[in-house]
Amino acid sequence: MNWAQLYESLGQQLKDGVDLPWWQDAFVGIYKAFFEEDRWQFYLDGVLTTLWITALALILGIVLGVVVAVIRTTHDQQRLGRHNPVLSVLNAICKIYVTIIRGTPMMVQLLIMGFIIFKSSREYTLVGTLTLGINSGAYVAEIVRGGLMSVDIGQTEAGRSLGLNYLDTMRFIVIPQAFKNILPALGNEFITLFKDTALISAIGGKELVYAAKSIGSKTYDVMYPYLGIAIIYLLMVMLFTWLLGILERRLRQSDRR
């Protein structure tokens, strides 16, 4: 007897009112949630979509974060008595952006973006990705700003003494050194984003949690779909953590050379 036949036999017993042992009842629930009608494909599609959302949101967050960090660092490193009014305005806008994003819950931001700002849009997954990217940008900005401030000011002065302007000094000297310092933190931000993608199901975004909800609505049993995606999230986070550990060890080795 194969697995499908066993499932049909046990399922028929449940319909007949037979009280099955816990392990047979669990087998029926797991088979129904993952293997009946090839439902495992829903989870696979959910994982792939979740990874795409995470990658796109992280790219947007890095772009926003670098721009905000460079503006704030440039403003803070101005010489005494020399203040650029345009830079001061941009710095104030960046500080407001970081304060608002870091001071409000991600769920509230998603609800505002999904049901107020983009209430006429039906691209819920895209709206969720945009919101995650904007949220990540505020945290990446602080990560990058900390990395830029960690580079000795003498590096900037050396670049200026070689005839490089401020932007070229940041581009060729400061940012490459800062990037190595902040790479582990950016990896952790990727893991955080990966887990936060679960929140976009609140506005109708289609990812891993959406897949579990859809299957639960068909089987009338959400326990095994939810437990299943919890295990998937855990395994993926453990994989990313392991890869980050390898990256950090290689960075430490390169620093010793």
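A residue is called buried under 20% relative accessible area, exposed over 50% and partly exposed in between, with a 1.4 Å probe and protein chains only. By this scale Y220 is exposed, because its relative accessible area is 74%. The model is predicted, so local features need pLDDT of at least 70 and side-chain atom pairs count only at pLDDT 80 or more, while totals for chains, interfaces and linings use all residues. Residues are numbered from 1 along each chain as its sequence is written, and side-chain values use heavy atoms, with hydrogens and water left out.

**Nonpolar surface patch**

- A nonpolar patch on the surface is formed by I30, F35, W40, L44, L48, W52, L56, I59, V63 and V67, with about 1,000 Å² of accessible area together.
- Patches consist of residues with over 30% relative accessible area and no salt bridge; like charges are joined within 9 Å, and nonpolar side chains (Val, Leu, Ile, Met, Phe, Trp, Tyr) within 5 Å.
- Accessible areas come from the Shrake-Rupley method with a 1.4 Å probe, and for residues only the protein chains shown count as cover.
- Helix α3, residues 40-76, gives the most to the nonpolar patch, with eight residues.
- Helices are DSSP runs (H or I, at least four residues), as are strands (E, at least two), and the numbering starts from the N terminus.
- V63 is found in helix α3; V63 counts as partly exposed because its relative accessibility is 49%.

**Salt bridges**

- The structure holds six salt bridges, each defined as a side-chain nitrogen of Lys or Arg within 4 Å of a carboxyl oxygen of Asp or Glu.
- R39 forms a salt bridge with E36, where the closest N and O atoms are 3.1 Å apart.
- R39 also forms a salt bridge with E37, with the closest N and O atoms 3.5 Å apart.
- R39 counts as buried, at 6% relative accessibility, whereas E36 is partly exposed at 23% and E37 is exposed at 63%.
- In helix α6 (residues 124-150), E142 and R145 lie three residues apart, about one turn of the helix, and their side chains meet in a salt bridge of 3.2 Å, N to O.
- E142 is partly exposed, with a relative accessible area of 21%.
- A network of salt bridges links R72, D76, R102, E142 and R145.

**Loop residue Y220**

- Y220 has its place in the loop between α9 (208-219) and α10 (223-256).
- Y220 and D19 are 201 residues apart in sequence, and their C-alpha atoms are 19 Å apart in space.
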